[in-house]
Amino acid sequence: MIPFPRTDELPGWVERSFGYVFVQSALCHAAVTHRSAGADHNERLEFLGDSILNCGVARMLYDAHPEADEGALSRLRATLVSGETLAQIAVELGLGEHLRLGPGELKSGGFRRASILADALEAILGAIFLDSGFDAAAAAVAHIMGPRLSELPAADTLKDPKTRLQEALQAHGLAVPVYTLTAATGDPHLQSFTVSCEVPVFGISAVGEGGSRRRAEQLAAAKMLELLPPQIRKPA
C-alpha cells in the first residue's frame, strides 16, 4: 500500500510531467481522484480527456507522417492512445503516487491498476482543457506523447494478421485464404472456437483456437503467415 498522496506535491508533479501549471487547483485534484475516494471524482474529466487525447494525437501524426493514408494514421493513433500505452506512460510519470483512492482500492493495489492509471491520465488532460482551453491541452498531449512518435513501428506492421495475409496473397495475384469453422465447444458464455485457414495454391493450412470466431481466425492467419514462402510474405 502507498500512503495517501500529499496534495501540496501534486502541482509540481503536473508541471514536470505535463509541462502545465493549473490555475484552478480543484480541477487538478479532481483529475487524480478515483470514484472510490469521493463524489468529486475524475470520470467526467476522463470523458473529456479521451477526446482531447485522440484529437491531439491525430494532429501530431498528421504532421509527422505527411505521406500516410487514413488507414495508416488510424492504426498509429490506436497504438498511441491504447489503454496499455497510457498505463505505461502513467507508470513512467509516477502517476500512481498521486492518485486519490478509497480504502478498498488502496488495499487492492488500485494505484497499480492499468485502467485506473490510464483513466486518470486522460482526466488530467480533460482538466487542463477546462482550465485553459484546447491549445494548452494539446500542448500537454504533445509533451507526454511526443517522445513516443519516433518509437512507433511502421504502420503496415500494425495491421491485423488476416489483413496482412490477404494483402500478401493478393499482391502476388493469389486467391484469398479460406477460413473454416471446425469446432465450437463449451457453454454459451464461455465458448472456444477452432478455425482452419487454408491457402489451396500451396496446399497448406493452419489452425487457430480462441474465445471468439474472429479471434480464432486471427490466430490461424498469424500462423499461416509464418508458413508462407518467404517471397510471398512481402508485397510484390
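Reader: What share of the 236 residues in the protein is buried?

Author: Keep in mind that this is a predicted model. A residue counts as buried when its relative accessible area is under 20%. Across the 236 residues of the protein, the buried share comes to 42%.

Reader: And how many helices and strands does the protein have?

Author: Walk along the sequence and the pattern reads α-α-α-α-α-α-α-α-α-β-β-β-α-α. Tally that up and you get 11 helices and three strands.

Reader: Is the protein spread out or compact, going by its radius of gyration?

Author: Start with the box that the C-alpha atoms fill, roughly 65 × 50 × 25 Å along the principal axes. For 236 residues the globule rule gives 18 Å, and the radius of gyration is well over that, so the protein is more spread out than a compact globule. The radius of gyration itself is 23 Å.

Reader: Let's zoom in on Leu86. How far is Leu86 from Asp119, C-alpha to C-alpha?

Author: Leu86 is in helix α5, and at 1% relative accessibility it counts as buried. Its contacts include Ala118, Leu121 and Glu122, as well as Met145. Leu86 and Asp119 are 33 residues apart in sequence, and in space their C-alpha atoms are apart by 8.3 Å.

Reader: Is Glu217 buried or exposed?

Author: Find helix α10, residues 213–227, and you'll find Glu217 in it. Beyond residues up to four places away in sequence, Glu217 touches Lys162, Tyr179 and Val195. Its relative accessible area is 12%, and the cut-off for burial is under 20%, so Glu217 is buried.

Reader: What about Gly211: which residues is it in contact with, leaving aside neighbours within four places in sequence?

Author: Gly211 sits in the loop between β3 (204–210) and α10. With 57% relative accessibility, Gly211 counts as exposed. Its C-alpha atom is separated by 4.8 Å from that of Ser192, 19 residues away along the chain. The contacts of Gly211, with those neighbours left aside, are Gln191 and Phe193.

Reader: Last one, on charge: how far apart do the centres of the positive and negative side chains lie?

Author: For context, the protein exposes about 12,800 Å², and carbon and sulfur atoms supply 53% of it. As for charge, there are 21 positive and 28 negative side chains. The distance between the centres of the two sets is 4 Å.

Notes: Residues are numbered from 1 along each chain as its sequence is written. This is a predicted model: local features need pLDDT of at least 70, side-chain atom pairs count only at pLDDT 80 or more; totals for chains, interfaces and linings use all residues. Side-chain values use heavy atoms; hydrogens and water are left out. Helices (H or I, at least four residues) and strands (E, at least two) are DSSP runs, numbered from the N terminus. Buried means under 20% relative accessible area, exposed over 50%, partly exposed in between (1.4 Å probe, protein chains only). Contact means heavy atoms within 4.5 Å. The radius of gyration is taken over C-alpha atoms; the globule rule is 2.2 Å times the number of residues to the power 0.38. Accessible areas come from the Shrake-Rupley method with a 1.4 Å probe; for residues, only the protein chains shown count as cover. Lys and Arg count as positive and Asp and Glu as negative; His and the chain ends are not counted. The place of a charge is taken as NZ of Lys, CZ of Arg, CG of Asp or CD of Glu.
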